[in-house]
Amino acid sequence: MTNSSQVIYFTLTAYFDIGGLKYLYFMMVMCFYVLIISCNVLLIAVICVNRTLHEPMFLFLCSLFVNELYGSLGLFPFLLVQILSDVHSVSAPLCFLQIFCVYSYAAVEVLNLAVMSYDRYVAICFPLQYSSTMTDRKVALLIALTWALPVLATVVLVSLSAPLQLCGNVIDKVFCGNFSIVKLSCSNTSINNVYGLVLTVVSIVAPLVLILYTYGKILEVCFCATKQTRQKAVSTCTPHLASILNFSFGCCFQILQSRFDLSRVPPVLAIVLSLYFLTCQPLFNPVLYGLKMACLGNMNVKVRTDDQIKCIHFI
């Protein structure tokens with residue numbers, strides 16, 4: 001048996017020889033990474049500088065864009081180095097650091113999307129109480145919990161995996177994954193498996209239930225509202241729903257790939273799908289919401305319902 005502290009590096013076997021094309025792939029990935037950084041930094045700067053955007057929905061978006069930068073930072077520099085390298089190995093400390101970044105990014109992302117769905121629920125279902133409900137203190141607390149809870153949960157996850165006794169150092173992926181390391185263990189991994197499943201349920205299923213509940217209530221309001229109100233509700237919810245579906249697709253394949261044998265899937269397709277939630281989501285969100293933010297003149301829409309003027313914040 002070999003203790004994990006004695007394993008100084010892990011070998012990533014999902015990479016294959018691409019010869020001189022590695023320089024072309026390096027430039028493509030580098031340009032993609034620069035585009036992600038540029039889009040997210042630009043929108044963060046716009047929100048921070050423009051005081052009219054210091055509202056709950058934009059602050060949650062700012063948190064989302066910061067997380068996109070964080071998640072891409074955990075993958076792209078590592079990926080760029082591996083593309084140029086002839087020996088695809090990574091030191092054990094760096095591997096666990098990447099696991100922490102990737103898993104905390106995913107947990108923050110889904111929790112942030114859940115908080116955003118709650119914000120839309122309050123804005124559409126209780127527009128008159130929106131200002132009193134979504135106070136600055138509550139928004140700050142929600143953003144703090146969105147980051148603190150996933151970070152603490154991921155620290156526990158890595159703390160359980162790092163001391164495991166390993167019988168090998170080969171990971172059949174292009175980046176480090178927690179379950180891939182757990183499968184290399186020679187010792188009992190029951191605690192790791194149970195905690196991994198609990199973490200998956202709490203960090204993914206629970207926020208998904210909240211999202212489904214809030215959108216169920218939004219649909220109830222839309223059915224009883226005017227056509228104009230329904231159109232505005234669709235307008236404000238469409239980007240959010242698209243972001244949720246895009247991220248859910250990437251996460252589902254990542255979970256399936258980690259837990260089941262998908263050897264029949266073509267290697268190139270498996271690599272692309274395994275990287276999907278870490279590569280497409282960080283660019284998908286700023287482009288999607290950036291297009292909506294370009295029409296800030298329609299940000300506040302007044303809707304007449306039951307002879308009362310209700311102000312709903314849309315994006």
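# Legends to the close-up views

**Figure 1. Cys48 and its closest cysteine.** With a relative accessibility of 46%, Cys48 counts as partly exposed, a class that lies between buried (under 20% relative accessible area) and exposed (over 50%), computed with a 1.4 Å probe and protein chains only. The closest cysteine sulfur to that of Cys48 belongs to Cys62, and the 4.3 Å between them is too far for a bond. The structure shown is a predicted model in which local features need pLDDT of at least 70 and side-chain atom pairs count only at pLDDT 80 or more, whereas totals for chains, interfaces and linings use all residues. Residues are numbered from 1 along each chain as its sequence is written, and side-chain values use heavy atoms, with hydrogens and water left out.

**Figure 2. The disulfide between Cys95 and Cys176.** A search of the whole structure finds 2 disulfides, each being a pair of cysteine sulfur atoms within 2.5 Å. One of them joins Cys95 to Cys176, with an S to S distance of 2.1 Å. The torsion about the S-S bond of Cys95 and Cys176 is about -125°, and the disulfide is therefore left-handed. This pair links distant parts of the chain, 81 residues apart: Cys95 belongs to helix α4 (residues 92–125), and Cys176 to the loop between β5 (170–171) and α7 (178–182). Helices (H or I, at least four residues) and strands (E, at least two) are DSSP runs, numbered from the N terminus. Cys95 is buried, at 0% relative accessibility, and Cys176 is buried with a relative accessible area of 0%.

**Figure 3. The disulfide between Cys167 and Cys186.** Cys167 is joined to Cys186 by a disulfide, in which the S to S distance is 1.1 Å in the model. Distant parts of the chain, 19 residues apart, are linked by this pair: Cys167 sits in the loop between β4 (165–166) and β5, and Cys186 in the loop between α7 and α8. Cys167 is exposed, its relative accessible area being 58%, while Cys186 is partly exposed at 22%. When the bonded cysteines of the protein are numbered in sequence order, the pairing reads 1-3, 2-4.

**Figure 4. Leu184 and Val170.** Leu184 is found in the loop between α7 and α8. The relative accessible area of Leu184 is 17%, and this residue is buried. Between Leu184 and Val170 there are 8.0 Å in space, C-alpha to C-alpha, and 14 residues in sequence.

**Figure 5. The salt bridge of Lys22 and Asp86.** The count comes to 1 salt bridge, a term that denotes a side-chain nitrogen of Lys or Arg within 4 Å of a carboxyl oxygen of Asp or Glu. Lys22 forms a salt bridge with Asp86, and their closest N and O atoms are 3.1 Å apart. Because Lys22 lies in helix α1 and Asp86 in the loop between α3 and β3 (89–91), the pair ties together parts that are 64 residues apart in sequence. Lys22 counts as buried, at 14% relative accessibility, whereas Asp86 counts as exposed, at 67%.

**Figure 6. The largest pocket.** The largest pocket holds about 800 Å³ of space. Its lining comprises 25 residues, of which Tyr25, Val29, Ile83, Ile271 and Leu275 are the closest to its centre. At least two lining residues are supplied by each of α1 (21–49), α3 (76–84), α10 (267–274) and α11 (276–279). The largest share of the lining, 5 residues, comes from α1. On a 1 Å grid over the protein atoms alone, a pocket is an open set of points where a 1.4 Å probe fits, with protein on both sides within 12 Å along at least five of seven lines; lining residues have an atom within 4 Å of a point. Grid points are joined across faces, edges and corners, and the volume is the space filled by probe spheres set on the points.

Figure 7. Gln254 has its place in helix α9 (residues 227–259) and is buried, with a relative accessible area of 9%. The C-alpha atoms of Gln254 and Leu273 are separated by 7.5 Å, and the two residues are 19 residues apart along the chain. Met293 lies in helix α12 (residues 281–293) and is buried, with a relative accessible area of 6%. Met293 and Val46 are 247 residues apart in sequence, while their C-alpha atoms are 9.8 Å apart in space.
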